[in-house]
Every structure is written in structure tokens, then in C-alpha cells.
Amino acid sequence: MIHDPIPRDVQPALPLFDAEALDIADYLKAEPAVDDIHTDQTHRQRVAALTLGAIGVVYGDIGTSPIYAFREALKATGAAVPGMPEVLGILSLLIWTLILIVTVKYVFVLLRADNRGEGGILSLYTLVRLAAGRRSVPVLVLALAGAALFAGDAAITPAISVLSAVEGLGLILPALSTYVIPVTLGILVALFFVQRRGTASVAALFGPICVVWFVALAGLGLWHIADEPAVLRAFSPVWGAGFLLQHPGVAFLVLGAVFLAVTGGEALYADLGHFGRRPIMLAWFALVLPALVLNYLGQGAMVLAHPDLAEESFFALAPQALLPVLVVLATAATVIASQAVITGAFSMARGAVQLGFLPRLRIVHTAEGQSGQIYIAAVNWLLLWGVLWLMLAFGSSTALASAYGIAVTGTMVLTSILGVLYLVRSGRLRAPVAVLLAAPILGVELVFLASNALKIADGGYVPVVVASVLGMLMWAWWRGTQAVKARVAKLAISVADFVRMMRNSSVNVIPGTAFFLTGDPGIVPSALLHNIKHNRVLHEQTVLLTVETLRVPYATADERVTVEPLGGCFVRLILRFGFMETPNVSRAMAHARAAGLKFDVMASTFFLGRRRAVATGEGVELVLDRIYVALSRMAADPTDFYHLPRDRVVELGERVAI
């Protein structure tokens with residue numbers, strides 16, 4: 001069941017590793033004590049560690065964009081020999097896209113719109129939902145579309161990233177070009193097969209490898225800027241605007257390629273809960289942004305000095321002797337970028353399940369004590385199938401680039417719209433002011449989306465089709481779930497009336513505790529009614545157990561459990577979990593004991609009511625109903641999903657027409 005936070009006035013909790021949880025300025029006001037010095041040092045070490053991790057995980061995707069972004073933008077101009085207007089125009093567009101989209105929108109604005117420390121489009125949706133105080137179907141559709149587009153991005157990113165890096169083999173030895181596809185397939189298959197082990201064992205390597213990668217980007221770029229120092233004039237937006245005005249015929253195509261430079265920008269917001277705002281900002285301004293800008297400038301300077309190298313402008317930056325090292329480093333960086341997207345897909349899927357957009361999926365935790373380290377087999381293998389299909393269908397990173405932009409631009413546009421809605425609904429800004437401030441960035445993103453829409457026939461249809469299918473599945477599941485709840489509610493008996501009726505009942509009372517799971521704490525679970533009807537017994541303690549999903553990422557200790565005596569042998573127990581948590585009922589029972597519920601585990605039984613939906617609609621509704629029925633059969637076993645003691649579960653079924 002999806003539920004608003006209880007209590008409503010609870011203050012947002014700080015994320016577990018939020019680097020801004022402590023105020024360093026407080027230590028500067030007086031001479032610090034020994035404990036204060038130790039705390040300060042610990043805080044600084046924590047910030048440093050988180051910043052290093054953010055460099056590897058958060059910026060892994062955007063950090064691999066220099067491999068193909070400038071090259072593809074240059075190709076889009078159609079110039080046989082690129083000159084100063086083309087090169088400086090593209091460089092200016094690249095630099096100012098990084099500044100407007102990533103720096104202003106994500107780093108300065110969206111990182112402050114957190115939901116108890118968590119970010120991402122589903123977290124932003126819940127913020128809008130809470131601020132509005134009611135459900136809005138249009139806002140719901142925006143969230144579903146954003147999550148669906150992210151799925152398309154997650155399928156394309158591993159394919160284009162790893163393939164673009166491995167293509168460097170052909171530069172080392174032309175004979176190796178025939179092995180690019182097999183090597184890439186091998187790397188990707190291995191990457192997906194090790195997901196079950198979790199990323200904890202290799203996460204420590206991500207940061208250092210990516211630091212070396214970004215330092216290499218900066219060093220190579222800085223070295224080649226000397227080839228043509230005039231590229232520094234690209235910092236002026238006049239060059240970018242001038243190029244667009246002077247080349248209207250290819251402007252849209254070039255913008256579609258330029259946007260490849262900010263693919264992965266959404267990760268800044270999505271990974272907010274893992275690292276905190278300050279480490280992400282430090283990593284961006286101290287290393288990532290300078291390295292990206294220097295590398296793009298270096299590529300531009302080299303192309304101006306040596307136009308014949310434009311075809312492989314990135315790998316041509318390295319001397320021939322160091323090219324193998326750069327290819328290996330680029331491959332490692334792209335694998336890390338792919339890992340970040342895969343992990344993000346797992347987190348997005350879990351959030352969608354908890355918010356009621358997808359059926360229950362079996363979620364495996366791969367690291368003790370780290371809720372973010374999860375593995376979802378269904379998502380993993382679907383992604384692998386999609387990645388392999390894209391690899392074989394397109395065959396090169398250049399072909400895949402045409403399919404890449406729409407998913408990313410679409411997600412960013414939807415995030416901007418939801419961000420404006422949040423600012424308005426929460427009362428932080430008035431609607432005219434919010435729209436005025438967001439208009440420049442949203443306008444740029446819409447232009448990028450329109451430019452990428454021109455690539456639909458060349459492969460851009462792939463993320464559109466993926467998003468459409470996944471969006472339809474999520475809508476069908478949400479709609480079917482609401483229909484089942486409404487149908488059950490019509491036939492339901494309220495708990496208050498039932499408790500009164502059972503006071504003078506002749507039903508036999510037997511020893512022990514029975515937990516009856518119900519999605520609505522106000523109605524009697526069907527399993528309890530069936531048990532009384534067929535077995536004619538009640539347990540001496542009958543607990544009506546509801547598992548609620550809050551519209552916040554993590555439930556606080558105060559929110560976790562509510563125990564309410566209902567009279568007689570009946571007790572209401574509500575367990576609450578955040579939408580980023582996996583509901584573990586067995587573990588949460590410790591909180592129930594602390595709240596006053598007394599029971600013997602060995603004398604307890606959990607009763608589940610299995611509802612089998614039957615499609616009865618017509619036309620489009622019948623199609624959606626059948627999709628819901630099919631998805632419900634694929635849902636994970638509730639015993640596993642809620643982590644119930646398997647040897648103490650009894651299931652009772654019923655059919656529900658929708």
C-alpha cells in the first residue's frame with residue numbers, strides 16, 4: 001500500500017553520509033577541543049572518501065562522453081575540412097551545455113531538491129505529490145514517462161560506452177577491428193554476469209580509476225591546446241550562437257550530437273542519497289568539469305592543427321606509444337560508467353515497485369548493512385538482452401549515437417518540468433517566477449529534444465519504443481492495482497464492525513498468534529474471513545498486519561511501527577518502509593516487540609490472501625486488464641518479497657474481477 005508519511009510534520013532526516021550534516025564553521029568560532037579536532041578530521045576524511053566515490057560512480061557516465069561527443073558533433077556539420085567557425089562553434093556549445101545543464105540545473109538547483117537525502121525522478125515525483133497533498137494523474141504520467149525513458153538510457157549506455165572504447169583497438173592494430181564486436185560482447189556479458197556478486201567488492205576501485213581517467217583527459221587536452229591556443233576563445237557563447245545562426249541547415253543535427261556531452265548528468269541527482277550534496281559538488285568543480293572542458297578544447301585544437309585526425313579526435317590525442325594504455329583506461333572507465341547505470345536501474349526498479357508502478361520483484365541485497373547495494377535478476381537479464389540486441393543491430397558507436405540522445409533529453413525535460421511543479425506546489429516560488437527562472441534551461445533542453453527527434457528514423461525510435469512499452473506496463477500495473485483495491489473495498493467489511501460482530505461469536509478460539517496481511521488497515525483481510533468461514537477458528541491473538549510504503553526514501557524509527565489494540569483478541573499492526581527500502585517483515589518484528597506487541601514466534605502463523613485478477617473489460621481496457629493479469633502472475637512470491645518465515649505461512653486464494 002502506498003501511503004503518505006506518518007506523521008506528516010516529521011522533519012526530513014539527514015542522509016546517512018550527507019557531508020553537510022556537520023558545520024565546519026562552528027569549529028572556527030573557538031579554539032577546538034581534542035574531541036572536536038578528531039571529529040573535524042573524521043568529517044574531512046569522510047568528505048574526501050565520498051568525493052572520491054562520487055568521481056567514480058556519479059561521473060562515470062558523463063566522463064566517457066569525450067570519447068564520442070566532439071567527434072559526432074564534428075561529423076554532423078558535414079564539413080570536409082573543419083575550420084575555425086565549426087570547431088570553435090561546437091566547443092562553445094559543448095562548454096555552455098555543461099555549464100547550463102549540469103552546473104546550473106543539477107549542481108546548483110536539483111541537488112537541493114532532495115527527499116530525505118534521496119534524488120532521482122521518482123523521488124522528485126513524491127516531493128510534488130506530497131507538496132500537492134493529493135494524487136495528480138498528469139504528474140503521475142510524467143513520473144512514469146521519466147522512469148521509462150531512464151530504462152531506455154540504461155540499455156543504450158553500456159552498449160555505446162564500451163563499444164566506443166573498444167573501437168580504439170582498430171587504431172592500435174587495424175587487424176583488430178574485426179574483433180571489436182566480439183570483445184565488446186564478452187566484456188558486457190561478463191559485466192552483467194557478475195552483478196549478482198554486487199558492486200561492493202569493486203567499488204573501491206571505481207574512484208581511483210576514474211581519477212586517473214579524468215587526470216588523463218585533462219593532461220591530454222592541456223597538451224594539445226598548445227597546437228592552437230585560439231580555441232580558448234570558445235569560452236565565449238558568441239561562437240556557439242554564431243555557428244547556429246550561420247549553419248541553420250545542420251544546426252539541429254549538431255545540437256543532437258552536442259547533447260551527448262551531458263549524458264549521465266541525471267546521475268548527479270539520482271545518486272544524491274549515496275554521497276550527499278557536498279561531495280558531488282566538490283568532485284564536479286575540482287576535477288570533472290575542468291577535465292572535460294580541457295579535453296574538449298584539446299580535441300578542438302588538434303583538429304584545427306591536423307584536420308585529418310578529426311575522424312578519431314579523442315584517441316588521436318595520445319602518442320602512438322601510449323595509445324594501448326589509453327584504450328585500456330577508456331575501456332575500464334566505460335565499464336565503470338555502465339556499472340553505474342546498471343546499479344541505477346536496480347534502484348529505479350525498486351523505487352517503482354515500492355511506489356506501486358511495477359509488480360513485486362525479487363530483490364537480493366549484496367552487501368551487509370548497505371541497502372543501496374541490491375541485485376534484481378529480472379532487471380539484470382532484461383538489460384543484458386537489450387544491450388546485446390542493440391550491439392548486434394547497430395554495430396558501431398556512431399550508429400548507436402543516433403539512438404542515444406532521445407532517452408536522455410526526454411528524461412531531463414521531464415525532470416525540469418517536475419522541478420518547476422515542486423517549486424510551485426511547495427510554495428517556494430510563485431508560478432510566474434519559477435517558470436521565468438526555468439525557461440532558459442528548459443528551452444535549451446527542448447531544443448536538444450527536438451534536434452534528437454530528427455534521429456528517430458536512424459535509431460532514435462529504440463528508446464522511444466522501450467519507454468513506450470515500459471510506460472504502458474507500469475500504467476497497466478498501477479491502473480490494475482487501483483481497480484483491484486476498489487473492487488475489494490466494495491465487498492469489504494470494516495474492521496470496527498467486524499470486531500463488534502465477533503464479540504458474541506461462537507467461533508472456537510485456539511492458542512497462538514495469527515498475522516493476517518492486508519493492504520488496507522481499515523478493512524478485514526479476505527484471508528481472515530476465509531479462515532473463519534472454512535475452519536471456524538480464531539487465534540487468541542489475531543493481528544491485522546499492514547505493510548505500508550511511505551512516499552519518502554527511508555522510514556524513521558518513529559515511523560516504522562504502530563501497534564493498536566482493537567478489542568478482544570484483535571490487534572492492528574502497521575509496518576512502514578520507505579520506497580527505497582526492501583520491506584523485511586521478519587526484521588521489523590523487533591520494532592513491533594519494542595512497541596508492545598507480545599508474541600511467540602514458534603506459536604505464530606502468517607496468513608496471506610492471494611487474489612487472482614480476472615480481466616472483464618472491453619477494448620483498450622481489456623488489453624490493459626490482461627497485461628495486469630499477466631504481470632501479476634510474474635510477481636515475486638509475497639513470502640520472499642516481505643521476508644516472511646517460509647515455514648509459518650498459509651496462503652488462501654480468491655478471484656477478483658476487474
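User: What share of contacts between residues at least 6 apart in sequence join residues at least 24 apart?
Analyst: This is a predicted model, where local features need pLDDT of at least 70, side-chain atom pairs count only at pLDDT 80 or more, and totals for chains, interfaces and linings use all residues. Residues are numbered from 1 along each chain as its sequence is written, and side-chain values use heavy atoms, leaving out hydrogens and water. With contact meaning heavy atoms within 4.5 Å, the share is 83%.

User: Where does H16 bend?
Analyst: Take the angle between axes fitted to the seven residues ending at a position and the seven starting there. That gives about 35 degrees, at Ala-403.

User: How many of the residues of H16 are buried?
Analyst: Buried means under 20% relative accessible area (1.4 Å probe, protein chains only). H16 is largely enclosed by the rest of the structure, because the buried count is 22 of the 29.

User: Which side chain of opposite charge is nearest to Glu-86?
Analyst: Glu-86 sits in helix H3 and touches Thr-77, Ala-79, Phe-243 and His-247, not counting residues up to four places away in sequence. Glu-86 is buried, yet has no salt bridge (a Lys or Arg side-chain nitrogen within 4 Å of an Asp or Glu carboxyl oxygen). Counting Lys and Arg as positive, Asp and Glu as negative, and leaving out His and the chain ends, the nearest one, 12 Å away, is Arg-233.

How values were computed. Helices (H or I, at least four residues) and strands (E, at least two) are DSSP runs, numbered from the N terminus. Buried means under 20% relative accessible area, exposed over 50%, partly exposed in between (1.4 Å probe, protein chains only).
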